[in-house]
Amino acid sequence: ALGQHGVSIHRMRQYGSGDPVPVVIVTHDAQRAEIDGALAEIASLEVSKAPPVAIRIETVEPSFRASVPDPLRDYSGQSPPPMQAWAGTPSDQLRAKREQSD
């Protein structure tokens, strides 16, 4: 369904086993209309037990990205590393950094 709407998968993770199980899919950059088309098709599939949900991911600077635990990484039963505290959205953080360098 994703490929038919021009949406490319960056990475994917299934949590647990059995029926049903949640699946997290992170895509490469895509237009909202493409995502919506793919979600509508996925929702209509017999294997879908609940409506799919899309959450937009903003681009963030590498230093911030490195401090955020990866929800798709397998921590083998251990807790993910703690997040560093910061204020505002990633966009606010980028804007502030650009203003400092000007």
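Select Ile9 first. Ile9 is partly exposed, because its relative accessible area is 39%. The cut-offs are these: buried means under 20% relative accessible area, exposed means over 50%, and partly exposed lies in between, using a 1.4 Å probe and protein chains only. Ile9 sits in strand β1.

A word on the model before moving on. This is a predicted model, in which local features need pLDDT of at least 70, side-chain atom pairs count only at pLDDT 80 or more, and totals for chains, interfaces and linings use all residues. Residues are numbered from 1 along each chain as its sequence is written, and side-chain values use heavy atoms, with hydrogens and water left out.

**Stop two: the patch**

Together with Ile9 they form a nonpolar patch on the surface, with about 340 Å² of accessible area. Strands β1 (9-14) and β2 each give two or more residues to this patch. A patch takes residues with over 30% relative accessible area and no salt bridge; nonpolar side chains (Val, Leu, Ile, Met, Phe, Trp, Tyr) are joined within 5 Å, like charges within 9 Å. Accessible areas come from the Shrake-Rupley method with a 1.4 Å probe, and for residues only the protein chains shown count as cover.

**Stop three: helix α1**

Now select residues 32-44. This is helix α1, with 13 residues.

Next, pick out Ile35, Gly37, Ala38 and Leu39. These are the buried residues of α1. Strand β2 (23-27) is included in what covers them.

**Stop four: a charged pair**

Side chains of opposite charge can pair when their charged atoms come close. Arg32 forms a salt bridge with Asp36, with the closest N and O atoms 2.9 Å apart. The rule asks for a side-chain nitrogen of Lys or Arg within 4 Å of a carboxyl oxygen of Asp or Glu. By this rule the count is 1 salt bridge. The two residues are 4 apart in the helix, about one turn. Arg32 is partly exposed at 48% relative accessibility, and Asp36 is partly exposed at 36%.

**Last stop: the whole chain**

Zoom out. The chain has 3 helices and 2 strands, in the order β-β-α-α-α. Helices (H or I, at least four residues) and strands (E, at least two) are DSSP runs, numbered from the N terminus. Of the 102 residues, 16% are buried.

Key
Expected span 1.5 Å × (residues − 1). Contact = heavy atoms within 4.5 Å.
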